[in-house]
There are 4 protein chains.
Amino acid sequence: MWKAPELDFEQMVKNKMEGNHFMHDIGFQIHTIESGLIEGDLELKPRHLQQMGFVHGGVTATIADIVAGFAAFTLVKHGQGVVTVDLRISYLNPGKSDKLFAKGYVIKAGQKLFFCESELWTMNNDAKILIAKSSATMAVVNTEDIKR
Amino acid sequence: MWKAPELDFEQMVKNKMEGNHFMHDIGFQIHTIESGLIEGDLELKPRHLQQMGFVHGGVTATIADIVAGFAAFTLVKHGQGVVTVDLRISYLNPGKSDKLFAKGYVIKAGQKLFFCESELWTMNNDAKILIAKSSATMAVVNTEDIKR
Amino acid sequence: MWKAPELDFEQMVKNKMEGNHFMHDIGFQIHTIESGLIEGDLELKPRHLQQMGFVHGGVTATIADIVAGFAAFTLVKHGQGVVTVDLRISYLNPGKSDKLFAKGYVIKAGQKLFFCESELWTMNNDAKILIAKSSATMAVVNTEDIKR
Amino acid sequence: MWKAPELDFEQMVKNKMEGNHFMHDIGFQIHTIESGLIEGDLELKPRHLQQMGFVHGGVTATIADIVAGFAAFTLVKHGQGVVTVDLRISYLNPGKSDKLFAKGYVIKAGQKLFFCESELWTMNNDAKILIAKSSATMAVVNTEDIKR
């Protein structure tokens with residue numbers, strides 16, 4: 001069956017994202033889908049915070065995982081997906097803002113494994129404050145194998 | 001002012017938890033608070049899942065962070081708290097169940113840094129399935145410094 | 001060709017170790033080879049130290065990698081080996097002693113990936129001092145693929 | 001006592017390196033010392049390899065730790081040093097070459113903690129092959145405290 005690749009690519013990622021319930025639940029919005037790169041942002045609400053008023057490390061980790069995973073997903077073959085094998089996140093600065101920005105990108109695309117990184121930051125008067133840097137290892141899976 | 005230590009300890013941790021909005025938001029319940037050990041569980045709902053129907057890696061990371069952080073918090077001095085410096089999580093098995101169990105514990109308590117681990121598992125007919133193992137490095141902070 | 005499995009197992013691991021030049025170069029000795037478990041020790045010499053007189057973090061990381069990797073290797077099929085995908089090590093206490101002990105073990109054995117942990121410690125008057133805890137993700141490879 | 005800062009800086013790092021026995025033992029040479037950046041290389045010898053003929057993951061981890069640690073050291077105050085708290089290394093490609101290049105740099109310099117990254121690569125006909133990417137968390141220590 002013929003498929004227009006230029007339509008397929010971004011749409012395929014968007015279709016995949018639709019089923020990512022937890023991403024929608026926390027309110028993360030993706031606005032850039034390129035080959036090996038995903039960018040998005042999150043409007044920070046009180047529900048996203050921990051007891052000191054900073055963004056919860058779990059929110060940060062969730063977004064780091066999402067942008068890395070979908071960045072890898074943009075590069076796998078049709079019928080393949082990725083699952084996170086390992087995620088490491090370093091919390092560089094406390095996140096105190098009304099908006100969180102995130103970027104995930106692939107640093108090595110392999111047949112079986114993808115290595116990705118994520119950056120999360122806030123903006124303070126045009127100054128970018130990096131609040132977290134993350135690296136993730138993703139395993140390529142055949143979607144059919146997962147469904148069985 | 002005099003304080004009954006046995007009352008103070010568990011209550012102090014519970015007070016701290018009250019402000020942890022994201023923990024309450026996802027629905028994680030803590031049922032065991034001991035010195036250097038935290039245990040709890042999460043009723044898995046559709047909102048916690050990713051597109052393959054497994055628990056989202058961000059949910060897992062969030063809980064790993066929470067139980068490790070509060071396990072460290074049980075051991076710091078009055079007026080101190082902890083913030084996560086680094087969180088590393090390995091996803092061992094896909095989480096497919098209606099309940100997720102978690103345990104966080106301290107493996108090294110230092111003056112400035114705590115090293116903790118977390119385990120997350122599901123139960124399948126009395127068989128424990130480890131879905132994630134995590135290690136976290138926490139920095140001790142003076143609560144007053146954070147507020148300023 | 002017939003092979004006595006009980007002979008094959010430990011001998012196969014020992015054969016593999018023979019080619020591990022860097023392990024021999026630093027002087028690490030393995031004394032226990034069990035299914036999913038490797039133990040050994042290192043006589044600490046001045047060459048193993050950093051500028052503060054503690055064991056160099058690179059020595060610690062090397063040993064953490066070796067014991068984890070060979071622990072995984074005890075569980076793969078004939079004709080398979082493992083390569084390290086990710087190694088994460090937490091330095092819990094400074095290593096100051098004349099001998100370093102190490103243990104590596106498998107926490108999840110998969111078809112494609114193994115998750116392992118390592119512990120390194122010194123002994124101080126019968127007290128075990130944990131100096132590092134490590135987790136490693138290993139990928140199963142077919143030895144034939146590597147040679148090509 | 002008066003000190004010429006421009007002389008002090010590079011010389012201070014070099015003095016520190018002199019005592020790093022394991023770095024000299026494996027033969028790693030540093031050729032660039034800048035503020036927050038260290039670069040160097042290693043002539044690969046058979047002693048640095050594992051059983052498949054690739055550079056041993058322990059050699060890679062050692063160099064990743066060294067360049068990250070000294071990159072942090074270039075930015076601490078006089079009388080301070082750094083110790084590695086956590087090291088994570090991802091092995092992206094097998095290292096098969098006669099020379100290994102490395103770079104370590106600081107991504108966040110704090111009062112108590114430094115976050116650094118390292119990259120290790122080989123050159124194959126002018127093509128850079130990234131064999132490892134590493135992130136490290138370093139704790140600032142007062143050299144006097146360590147000596148006591």
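Three salt bridges are found by the rule across the interface of chain B and chain A, a salt bridge being a side-chain nitrogen of Lys or Arg within 4 Å of a carboxyl oxygen of Asp or Glu. In one of them, B:Asp25 is joined to A:Arg47, with 2.9 Å between the closest N and O atoms. The model is predicted, with pLDDT of at least 70 required for local features and 80 or more for side-chain atom pairs, while totals for chains, interfaces and linings use all residues; side-chain values use heavy atoms, without hydrogens and water. Residues are numbered from 1 along each chain as its sequence is written, and chains are lettered from A in the order in which they are written.

Contact (heavy atoms within 4.5 Å) links 36 residues of chain B to 36 residues of chain A. The two chains bury about 2900 Å² between them, 60% of it on carbon and sulfur atoms; this area is the accessible area (1.4 Å probe) lost on putting the two parts together, summed over both. Of the area that chain B buries against chain A, 22% comes from B:Phe22, B:Gln51 and B:Met52, more than from any other three residues.

Strand β3 of chain A (residues 80-91) pairs with β3(B) in the antiparallel sense over five bridges, where pairing requires at least two DSSP bridges between two strands and strands are DSSP runs (E, at least two residues) numbered from the N terminus. A:Asp86 has B:Ser90 as its bridge partner in β3(B).

How values were computed. Helix = DSSP H or I, 4+ residues; strand = E, 2+ residues; numbered from the N terminus.
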